[in-house]
Amino acid sequence: MKGHPLLFALLLCITAAASASSQTCDPVEVNGNPWIHVREMPIGCWTSFLTEDKSEVHILNLHFTPNDPKIFSLNMTTAKPMNIILTTSNNSYGLYYMNTDVNLYVNNDSTITLYGQTENVHKQHFPTQDEELIKWATQKFGGVTSFTTVRNPKTIYPTGREGTKLGSSDCVLENEDPSMKHFMELDTIPAASSFISCSPQHQNPNDDTELHIINIPENSTIRYVSVHVDTDKTLSMFLRGPQGTTWSFHNPRHTKFGSNNEILLTSITHRLPPSLTLDSDSAEDVQKKALELFKASTFTSYSEIRLEGSMVSLVLGKKENPAVIGTEEPLIPLTTATPYMPLQMQLYTSPDYRSPLDPNTKVQSDKRIYAEISGQTLGSIVLNIKVISCFVRSKGSCPVVKELPFIPEACSLKACPNSTRLSFSLDQLQELASTTWDLECSVKLCYSEKCGDGGRVKRNLEVTQPCLTPPTPPCFDFGLPAVLGVAFGGFLIGVLLIGALWSIKIRTGYPTGLDKSSTAAGLPGCPCSGAKRQPVSTNPSPSENSSANASIGSTQSTPTSSMA
């Protein structure tokens with residue numbers, strides 16, 4: 001019995017040791033992190049410059065790492081009037097779409113192989129050095145609106161917002177965060193070994209409070225980290241870096257801090273001094289210090305940044321479908337070039353896919369449209385494209401997002417290599433006021449039975465409401481019997497009317513009591529109406545006529561003799 005307390009104490013020690021070890025984790029190299037997104041802060045500029053014809057001038061300097069894909073898509077179908085200067089020092093491949101207001105400039109000896117329409121693509125000789133390229137663009141266009149360095153680009157497309165920034169119109173290169181440029185969306189491929197990460201096994205996924213630990217090793221050259229918080233959850237952040245490192249927060253909402261470095265709150269221009277001292281950059285030491293500081297039993301994630309350069313940008317926010325943290329194997333056994341391929345979407349008005357729809361043509365919301373999503377591979381491998389979901393987003397200050405149901409259209413692999421077909425109904429857009437939409441679909445690329453993320457393909461869509469035609473009055477169709485019946489009825493009515501008039505004529509006779517003069521006397525306006533009415537003669541006999549003449553003659557002479 002005396003050995004029982006000793007055995008009980010030993011079990012408690014073992015349990016405490018196991019509990020302490022389960023609170024930490026060993027970081028491993030990953031290609032992506034569901035909570036932390038980090039990228040370098042390369043040099044660039046952003047100005048208020050516009051050309052005389054109100055066009056923007058943007059320089060895109062593309063950088064590719066040796067082991068990462070060198071394929072990108074440039075979609076400028078919805079862009080404002082602009083001139084784009086594209087430069088890179090790597091052999092790369094680009095698929096581009098542009099409207100008539102966009103001009104693309106590439107070097108004569110450019111290492112970029114472009115696929116697309118050749119209109120508005122200009123090849124000229126210009127320098128490749130950053131400062132010299134800005135001088136050349138300033139001499140040609142009068143200035144530069146922006147200079148952006150993009151590392152490992154996948155897709156580049158405009159957001160529809162103005163590309164200028166209030167302030168100076170002079171392009172002065174400095175370290176910047178490309179994600180802050182709201183006029184352009186840059187979808188990039190993360191660097192292969194930008195950080196190592198891990199997460200404890202025992203977590204409560206419904207916990208509203210998250211604890212994230214970020215560690216920068218002592219041998220790193222990073223001394224400035226621009227942090228953006230992209231979540232509504234309450235966060236606790238433990239930030240550890242070499243002496244002299246500054247963590248700059250732009251939107252520190254619902255965030256608690258703990259760091260051995262200085263923290264800058266840019267929104268209120270306030271600096272928080274270091275709250276602790278920690279010289280060790282060991283993952284275990286940093287994790288235990290964070291749990292001790294926040295009095296927590298576990299944490300959400302641990303990330304160790306290993307990027308080159310002195311300035312990096314960090315976005316904290318969990319993806320919708322996070323991948324399992326750990327080493328990842330390529331899902332698609334493609335060539336060593338890339339697991340991605342540039343995608344394009346073409347719309348049609350009929351199911352035979354023979355009438356392509358122009359990007360500026362408006363489609364009535366009661367019509368069904370047909371789409372074909374296709375891509376180009378650099379090798380001979382044929383991929384299957386599977387559409388996962390589609391949605392439309394209205395353009396404007398208050399965008400509306402609507403999920404767009406679709407129906408896959410049949411198409412054999414021989415007739416549709418590296419492509420797929422589907423159709424949409426736009427009925428749900430009839431009640432919405434917006435007419436300009438962005439149509440976007442998420443796809444997967446499949447080879448054999450293995451599939452991987454293929455990214456998104458985007459296309460602008462102009463929608464108009466259907467015309468309401470007034471109801472047409474009913475048309476009565478008369479046949480031959482009806483026409484003959486109407487004709488006979490009309491003839492019969494005419495005969496009856498003539499017979500009625502003839503009967504009236506016979507019964508009343510011709511009026512003999514009036515002659516022409518008497519008739520005229522009763523008519524107003526007749527010149528004879530003022531004369532004295534004379535007795536009406538009834539055609540007397542010749543004897544009566546002679547005696548009447550004599551009587552008239554004697555009657556007429558009587559007044560003369562009496563006057564004499």
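Which residues have the most contacts inside the largest nonpolar core? They are Met345, Leu347, Ile373, Phe424, Leu426 and Cys441, in a core of 26 residues. A nonpolar core is a set of buried Ala, Val, Leu, Ile, Met, Phe, Trp, Tyr and Cys residues joined through side-chain atoms within 4.5 Å. Buried means under 20% relative accessible area, exposed means over 50%, and partly exposed lies in between (1.4 Å probe, protein chains only).

This is a predicted model, in which local features need pLDDT of at least 70, side-chain atom pairs count only at pLDDT 80 or more, and totals for chains, interfaces and linings use all residues. Residues are numbered from 1 along each chain as its sequence is written, and side-chain values use heavy atoms, with hydrogens and water left out.

S32 supplies the largest share, five residues. Strands here are DSSP runs (E, at least two residues), numbered from the N terminus. A second, separate core has 23 residues, including Val30, Val227, Trp247 and Leu314.

Now look at Cys441. Beyond its neighbours within four places in sequence, Cys441 is in contact (heavy atoms within 4.5 Å) with Met345, Ile373, Val387, Ser389, Cys390, Phe424, Gly455, Arg456 and Val457.

Next, Thr361. This residue sits in the loop between S25 (343-348) and S26 (362-364). Thr361 counts as partly exposed because its relative accessibility is 34%. Thr361 and Val463 are 102 residues apart in sequence, but their C-alpha atoms are 8.5 Å apart in space.

Turn to the cavities. On a 1 Å grid over the protein atoms alone, a cavity is a set of points where a 1.4 Å probe fits but cannot get out; lining residues have an atom within 4 Å of a point. The whole structure has four cavities of 30 Å³ or more.

Finally, strand S3 (43-46) has two partners. Strands pair if DSSP finds at least two bridges between them. S3 and S13 (174-175) pair antiparallel over two bridges, and Gly44 stands opposite Glu174. S3 also runs antiparallel to S11 (146-151), again with two bridges. There, Cys45 stands opposite Phe147.

Definitions and conventions
On a 1 Å grid over the protein atoms alone, a cavity is a set of points where a 1.4 Å probe fits but cannot get out, and a pocket is an open set with protein on both sides within 12 Å along at least five of seven lines; lining residues have an atom within 4 Å of a point. Grid points are joined across faces, edges and corners, and a volume is the space filled by probe spheres set on the points. Helices (H or I, at least four residues) and strands (E, at least two) are DSSP runs, numbered from the N terminus.
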